[in-house]
Amino acid sequence: MSDTHSNTVAYVRDTMLPQTEPPLTEKGALKWLRENLFSGWLNTGLTLIALFIIWQALMAVGPWLLNSVWNAGSLRECRDILDGATGACFAVIVDRWHQLLFGFYPRHLYWRPVLALVLLFVALSPVLFPSLPRRLLTFTAIYPFLAYHLLWGGSVWLPIGAALGFVVGALAYIGLKRVNNLLAVFGAVLAPVLWWLVLAGPFDSTMSAVLPWGLEFVRSDRFGGFLISLVIGISGISLSLPLGILLALGRQSDMIFIKSVCVVFIEFIRGVPLITLLFTASLLLNFFLPPGTSFDLILRVIIMVTLFASAYMAEVVRGGLAALPKGQYEAADALGLDYWKAQRLIIMPQALKISIPGIVNTFIGLFKDTTLVVFIGLLDPIGLSNAIRASTDWNGIYWELFIFIGLLFFIFCFGMSRYSLYLERKLKRDHR
Amino acid sequence: MKKTVFVGTFAATALVAGLANAQSTLEQVIDRGELICGSNTGQVGFGAPDADGVWQGFDVGFCRAVAAAIFDDPMAVSFVPLTSQTRFSALASGEVDVLSRNTTWTFVRDVDLQFNFAGINYYDGQGFMVKSDLGVGSAMELDGATVCIETGTTTELNLADFFRVNGMSYEPVPVDTAAEAQQQYLAGACDVYTTDVSALASSRASFATPSDHTILPEVVSKEPLGPAVRHGDDNWYDIIKWTLMALVAAEELGVTSENVAELAEGSDVPEINRLLGVEGGFGAMLGLDNEWAARAIAAVGNYGELFANTIGDNSPIGLERGMNALFADGGMMYAMPFR
Amino acid sequence: MSSKTDPRQTASVPAKSSFTLSMLLYDQRYRSITIQIFALFVLMLGVAWLIDNVSSNLQLLGRTFGFGFLSQSAGYDINQRLIEYDSTMTHGRAALVGFLNTVVLAILGCILATVIGVVAGVLRLSSNWIVSRLVGFYVEIFRNIPTLIWILIFGAIMAEGMPAPSAFRGETPTAFMLFDAVAITNRGVFVPSILFATELGTVNLGLISPSLNWLLIIAVLLASFYAARALVSHANRVQNATGVRPTTWWKILALIFVPISVVFIALGAHLQLPELRGFNFAGGLHLRNSFIAMWLGLGIYTGAFIAEIVRGGILAISKGQTEAAYALGLQPGRTMRLVILPQALRVIIPPLISQYLNLTKNTSLGLAVGYMDLRSTLGGITINQTGRELEGMMLLMLIYLALSLTISALMNVYNNRVKLKER
């Protein structure tokens with residue numbers, strides 16, 4: 001039957017035809033255009049509207065941006081240079097960028113906040129990229145004290161004394177653990193508190209007298225601009241993490257009293273605007289402290305922001321806990337681990353890993369919310385833009401400052417949200 | 001009774017600005033090594049940081065004079081920028097030692113909020129600024145106008161009273177800061193910008209073409225501005241009050257920043273001698289040393305010099321002395337006798 | 001140590017053993033009680049410490065704690081007021097005006113954000129390259145820049161970018177009203193308002209006295225919607241019973257529009273157009289710059305977040321659902337309405353609630369552009385004029401808390417209705 005064809009059909013093609021070019025409308029840019037932009041009347045309409053919007057935006061902003069002045073000492077000079085034409089006056093950024101970034105931080109010390117920021121990434125890297133050696137975590141633990149010293153300066157013994165408190169606590173725990181477990185926990189809490197209250201002060205003063213090491217002290221009212229946003233945002237989020245974990249655990253606890261306290265706290269904080277908490281920090285905190293006590297406004301704001309963020313953090317961690325399969329809890333129980341061991345070794349490492357995107361998103365939100373400190377008179381970027389506009393040179397400038405501030409926020413937040421997306425995708429892969 | 005509060009952070013001891021105690025304000029200031037002065041968040045001429053973050057201005061200059069009187073260093077001041085909303089709480093809570101931020105001396109602030117005003121360093125009044133091409137010549141023609149106003153100030157209350165009493169209507173546009181108010185006014189979002197005449201003048205001076213704007217003749221309120229301290233520390237109140245007096249007295253007596261060093265050697269005018277600490281030992285009575293006033297004057301000049309350098313003839317703002325001239329020159333500035 | 005936490009172990013331990021004091025610490029059954037009592041003790045101690053501090057601080061400042069300041073005369077004017085108010089009325093009244101402004105802004109903001117968010121969320125999934133990119137740009141740029149900056153920018157656009165009222169004047173005006181009815185100026189937007197020839201008067205509810213006209217209109221509208229819903233469910237019943245759905249669309253339209261039109265005509269409703277008078281436009285409804293800036297700023301900012309939520313919700317529904325619906329012969333529109341949306345809503349609603357809450361809380365940024373909301377009146381000027389920070393802030397927090405809890409309660413009711421009923 002192999003020759004059937006030869007008998008029935010006169011001619012059979014036994015080679016492939018050479019490929020011909022697809023029709024003009026079915027290839028290249030045209031096809032892409034047709035399929036992506038003009039595939040129907042609705043799509044065509046949308047495309048035209050979108051093009052119109054882009055065109056309008058370009059026409060409105062383009063000439064203004066292209067015609068910008070970068071070198072001038074004041075808005076008046078800018079206007080003279082432009083001579084009636086529309087144009088941006090980015091000279092204000094050139095003139096004042098250091099204020100928008102660092103506030104009134106002494107100019108010769110700019111390397112300190114910059115170094116602190118660079119080291120932050122080093123400290124974060126073992127958390128962000130699990131492939132790095134675990135030993136880097138030691139640096140992460142040291143970092144808060146280092147950053148404090150870099151930013152504020154003063155005697156080097158103060159942060160060392162504070163850090164030693166944790167060492168004392170750990171030593172007390174290890175020492176007392178042989179005697180009694182419960183005692184060890186008490187010791188671990190009590191010993192550092194005693195250290196800080198009683199011994200840290202003398203330690204600081206004696207060591208400073210013996211070895212007066214330290215960087216130049218910078219008062220916190222010299223802080224401003226993005227420096228203040230970053231300091232508040234980063235310390236708020238890192239301090240709120242442990243608090244948030246405790247709140248989340250408390251909310252899941254069987255102990256009805258602990259649970260209700262946590263729920264009330266979380267719902268209260270989430271129910272009021274941040275601005276009222278900031279006003280509490282600036283106007284009311286002094287009412288709640290012993291008469292005559294007051295401490296630094298930035299510290300008060302950090303405390304309030306920490307409380308604020310911890311409520312949101314608690315919800316994020318709770319989500320992480322809920323997402324964990326029940327089997328994990330049961331496996332921990334089956335291994336005979338007690339509550340804290342189970343949390344430390346089994347539950348939290350997994351729950352926190354799931355929560356990282358949520359934590360990053362909370363941080364982005366918090367970082368953006370640090371702009372609200374302008375309402376209590378802290379000179380964050382917006383506050384400084386007001387101060388700059390109040391000077392005789394730059395009175396009347398507006399858009400350039402907001403564009404610069406917005407751009408910086410955008411770069412920062414966009415970067416972080418990309419990272420959080422990357423994490424989410426990675427987590428999805430891990431779970432498959 | 002020294003109380004310490006465990007703040008729970010490693011930073012506590014360093015960041016704690018003033019731990020509680022029964023120390024007098026002066027002792028606290030000396031211990032701290034600097035004066036903390038509540039200032040404006042940014043008002044040209046009165047108090048604003050320059051490009052290097054150094055605070056400049058009339059109210060700022062007064063704080064520098066106090067710092068010079070205490071420390072012999074006019075730069076030993078840190079300035080806490082306060083909005084009109086946060087200023088009184090900051091003073092009441094002890095966050096600042098003195099509030100020098102164009103604050104009007106009123107009954108409620110003095111009695112109910114419990115502050116002491118150390119005197120008046122600027123006699124002001126609330127006025128209105130309009131664009132010249134609007135063709136308005138009097139505040140009585142403002143019926144139906146849109147008015148930009150800073151919230152949380154006495155001007156807000158005066159404005160409401162003024163329009164109600166005169167049976168006119170208006171549309172208030174409340175704004176948070178002076179910079180914002182100017183922006184709104186320049187953009188035409190309001191017809192009228194109202195605030196203290198001094199601030200109006202300083203704003204007007206900073207506009208691109210000041211002649212396009214008119215400050216209307218009506219002054220609708222009395223706004224005596226002055227530095228304020230908390231109730232409860234009379235010695236501190238005296239220091240602030242008499243530093244102000246010393247600056248005014250120096251102008252009355254012809255003591256300037258140039259000749260103060262020479263006059264402090266001794267002169268044949270007894271009041272100058274008492275002022276500059278050659279006679280009388282007045283500084284010691286305040287808890288300072290006797291050259292306190294001489295140092296304050298050397299640092300910022302007498303009242304007239306301070307005025308001229310920050311908001312008067314020698315500055316871009318160019319305010320007239322007007323009511324703030326010395327009493328002898330037909331104004332209202334008058335120092336109590338140093339005796 | 002395992003006996004401490006394992007609950008099942010407790011059940012197996014015989015409960016007979018006599019009680020000793022050490023069991024308070026070591027026995028799982030009693031330890032949690034010990035801890036809780038200890039925590040209660042610490043909490044009470046803390047609260048007592050705070051209250052003690054507050055009272056001694058107040059004493060030191062010579063102040064008393066009380067809300068009497070709310071009945072003092074306020075002395076300041078508020079530009080946007082939904083109820084009658086002038087500067088001679090009390091601080092309490094001013095706070096109420098501010099509260100209503102907050103509520104109006106929150107409601108209108110949520111509506112705007114939802115509309116923008118849903119449209120943008122759907123468009124971002126569009127196959128149209130340029131549209132999805134443009135929407136993506138919108139979402140990213142708004143999500144990553146603080147809302148305060150957006151509010152300020154919109155405020156600046158209104159104040160700087162729009163023509164002054166005087167531009168509408170003269171022989172050759174440089175600006176024109178839209179449809180002769182809407183004037184967009186740098187003082188705000190003036191839109192026509194509805195006036196009635198017949199006023200039915202007002203009812204006095206103590207704090208507020210709403211106009212009877214509007215109450216009647218709302219009542220008629222509610223009744224119409226209720227009737228329309230009854231009609232639809234009737235149609236559903238008929239369809240279930242007979243398989244044939246009666247035509248309802250024109251009946252529904254008639255039910256909704258006819259009664260309300262009758263009421264409007266009976267009351268002699270007419271539009272009042274804004275017109276130039278004196279310094280400014282008069283007549284019509286004046287949407288101030290501060291309101292527009294807040295509304296657009298919050299609405300568009302939150303809309304970007306909602307767009308992401310909507311996109312996520314639609315993407316979360318597996319493609320199989322659409323294919324199954326097509327296989328059943330449902331048309332694309334019905335697939336969307338009957339299959340995709342009900343499922344997507346379940347994913348969308350919970351994060352949507354938190355966005356609504358965020359928006360409501362963000363209305364407190366009003367002061368930045370001078371919007372006289374609760375925070376600017378009670379929490380701003382009133383506190384500043386009376387010096388009652390403690391009472392004012394407490395009141396402010398309580399009101400915001402109540403508002404937040406109300407919104408989440410309402411939305412949770414809705415969420416429970418659309419939620420998947422697990423059986």
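## Helix α9 of chain A and what it packs against

In this predicted model, the buried residues of α9(A) pack against β1 (154-155) and α8 (157-177) of chain A, where helices (H or I, at least four residues) and strands (E, at least two) are DSSP runs numbered from the N terminus. The buried positions of α9(A) are A:Gly187, A:Ala188, A:Ala191, A:Pro192, A:Trp195, A:Trp196, A:Ala200 and A:Asp204; a residue is buried if 20 or more other C-beta atoms lie within 10 Å of its own, exposed if 12 or fewer, and partly exposed in between, with C-beta atoms placed from the backbone. An α-helix has 3.6 residues a turn, so residues three or four places apart point the same way.

Helix α9 (residues 181-210) of chain A also carries a kink of about 55 degrees at A:Leu199, shortly before the proline A:Pro202. The bend at a residue is the angle between axes fitted to the seven residues ending there and the seven starting there.

Residues are numbered from 1 along each chain as its sequence is written, while chains are lettered from A and ligands numbered from 1 in the order in which they are written. Because this is a predicted model, local features need pLDDT of at least 70 and side-chain atom pairs count only at pLDDT 80 or more, whereas totals for chains, interfaces and linings use all residues.

## Helix α10 of chain A

The axes of helix α5 (residues 91-102) and helix α10 (residues 225-252), both of chain A, come within 2 Å and cross at roughly 15 degrees, the axes being lines fitted to C-alpha atoms, for helices over the stretch in contact, with angles that run from 0 to 180 degrees between N-to-C directions. α5(A) and α10(A) are therefore roughly parallel to each other; angles under 35 degrees count as roughly parallel, over 145 as roughly antiparallel, 65 to 115 as roughly perpendicular and the rest as oblique. From α5(A), A:Gln99, A:Leu100, A:Leu101 and A:Phe102 meet A:Gly225, A:Phe226 and A:Leu227 in α10(A), two residues being in contact if their C-beta atoms, placed from the backbone, lie within 7 Å. By class, this contact of α5(A) with α10(A) has five nonpolar, two polar and no charged residues, with Ala, Val, Leu, Ile, Met, Phe, Trp, Tyr, Cys and Pro counted as nonpolar, Asp, Glu, Lys and Arg as charged, and the others, Gly among them, as polar.

Helix α10 of chain A also holds A:Arg251, which is buried, with 20 other C-beta atoms within 10 Å. Not counting residues up to four places away in sequence, A:Arg251 touches A:Lys259, A:Cys262, A:Val263, A:Ile266, A:Ala314 and A:Arg318. A:Arg251 and A:Ala314 are 63 residues apart in sequence, yet 8.6 Å apart in space, C-alpha to C-alpha.

## The contact between chains A and C

Chain A places 50 residues in contact with 50 residues of chain C. On the side of chain A that touches chain C, α3 (41-66), α11 (256-271), α12 (274-288), α15 (339-369) and α17 (399-431) each supply at least two residues, and the largest share, nine residues, comes from α12(A). The residues of that side of chain A divide into 34 nonpolar, 12 polar and four charged.

## A helix pair in chain C

Within chain C, the axes of helix α4 (residues 91-124) and helix α12 (residues 374-386) come within 7 Å and cross at roughly 155 degrees, and α4(C) and α12(C) are therefore roughly antiparallel to each other. Among the residues that make the contact are C:Ala94, C:Gly98 and C:Phe99 of α4(C) and C:Leu374, C:Leu378 and C:Thr382 of α12(C). The residues of the contact of α4(C) with α12(C) divide into six nonpolar, seven polar and no charged.

## Domains and loops of chain B

The domain assignment of chain B gives domain 1 (12-123 + 225-329) and domain 2 (126-221), the bounds coming from an automatic or database domain assignment. Taken over C-alpha atoms, the centres of these two domains of chain B are separated by 30 Å, and 16 residues of domain 1 are in contact with 14 residues of domain 2. The side of domain 1 of chain B that touches domain 2 has six nonpolar, 10 polar and no charged residues.

B:Asp72, in the loop between α3 (58-71) and β4 (77-82) of chain B, has a positive phi of about 65 degrees although it is not a glycine. B:Asp72 is partly exposed, with 15 other C-beta atoms within 10 Å.
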